[in-house]
Amino acid sequence: MANVKNLKKDINYVLGDIIEAVYLYEMSTTGKPTEASNAVIDEAIGTFDTLIAKVNAKKVENKKAHFKQIHTELEQAANQLVSKINDLQ
């Protein structure tokens, strides 16, 4: 159970930091949200919801592989979101 708890924390912290980075970008450039920045935030929230639903799935045969796959998906999604933040201009 500790691994599930840590995985949920990782998901929350990583995607929370990405959303915070978007807010910092908004404050340092336009001072207000743009459609592109809102899209990145919406995608981060959608990714959070999807990953948490996968973590909470009860009927999983190989839990270790399942949680490892979720962690891999988190890394991939985070990298994509960070590149989208870097492309905001």
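A residue counts as buried when its relative accessible area is under 20%, as exposed when that area is over 50%, and as partly exposed in between (1.4 Å probe, protein chains only). Ala77 has 13% relative accessibility, so this residue counts as buried.

The structure here is a predicted model, in which local features need pLDDT of at least 70, side-chain atom pairs count only at pLDDT 80 or more, and totals for chains, interfaces and linings use all residues. Residues are numbered from 1 along each chain as its sequence is written, and side-chain values use heavy atoms, with hydrogens and water left out.

First, the overall picture. The protein chain holds three helices and zero strands; helices (H or I, at least four residues) and strands (E, at least two) are DSSP runs, numbered from the N terminus. Read from that end, the elements go α-α-α. The C-alpha trace spans about 50 × 20 × 15 Å along its principal axes. Of the 89 residues in the chain, 29% are buried. Contact means heavy atoms within 4.5 Å, and among contacts with a separation of 6 or more, 68% involve residues 24 or more positions apart.

Ala77 is found in helix H3, which takes in residues 63–87. This helix has 25 residues and reaches 36 Å from its first C-alpha to its last, close to the 36 Å expected at 1.5 Å a residue (the expected span is 1.5 Å times one less than the number of residues).

Next comes the way H3 sits against H2. Two packed helices are described by the angle between their axes and the distance between the axes. The axes of H2 and H3 come within 11 Å and cross at roughly 180°, which makes H2 roughly antiparallel to H3. Axes are lines fitted to C-alpha atoms, for helices over the stretch in contact, with angles running from 0 to 180 degrees between N-to-C directions. Angles under 35 degrees count as roughly parallel, over 145 as roughly antiparallel, 65 to 115 as roughly perpendicular and the rest as oblique.

From H2, the residues that meet H3 include Val40, Ala44, Thr47 and Leu51, while Phe67, Ala77 and Leu81 are among those on the H3 side. By class, the contact of H2 with H3 has 10 nonpolar, two polar and four charged residues. Here Ala, Val, Leu, Ile, Met, Phe, Trp, Tyr, Cys and Pro count as nonpolar, Asp, Glu, Lys and Arg as charged, and the others, Gly among them, as polar.

Thr47 lies in H2 and, at 15% relative accessibility, counts as buried. Leaving aside neighbours within four places in sequence, Thr47 touches Leu15 and Ala77.

A search of the whole structure finds two salt bridges, each a side-chain nitrogen of Lys or Arg within 4 Å of a carboxyl oxygen of Asp or Glu. In one, Glu43 pairs with Lys84, the closest N and O atoms being 2.5 Å apart. Glu43 lies in H2 and Lys84 in H3, so the pair ties together parts 41 residues apart in sequence. In the other, Lys54 of H2 pairs with Glu73 of H3, with the closest N and O atoms 2.7 Å apart.
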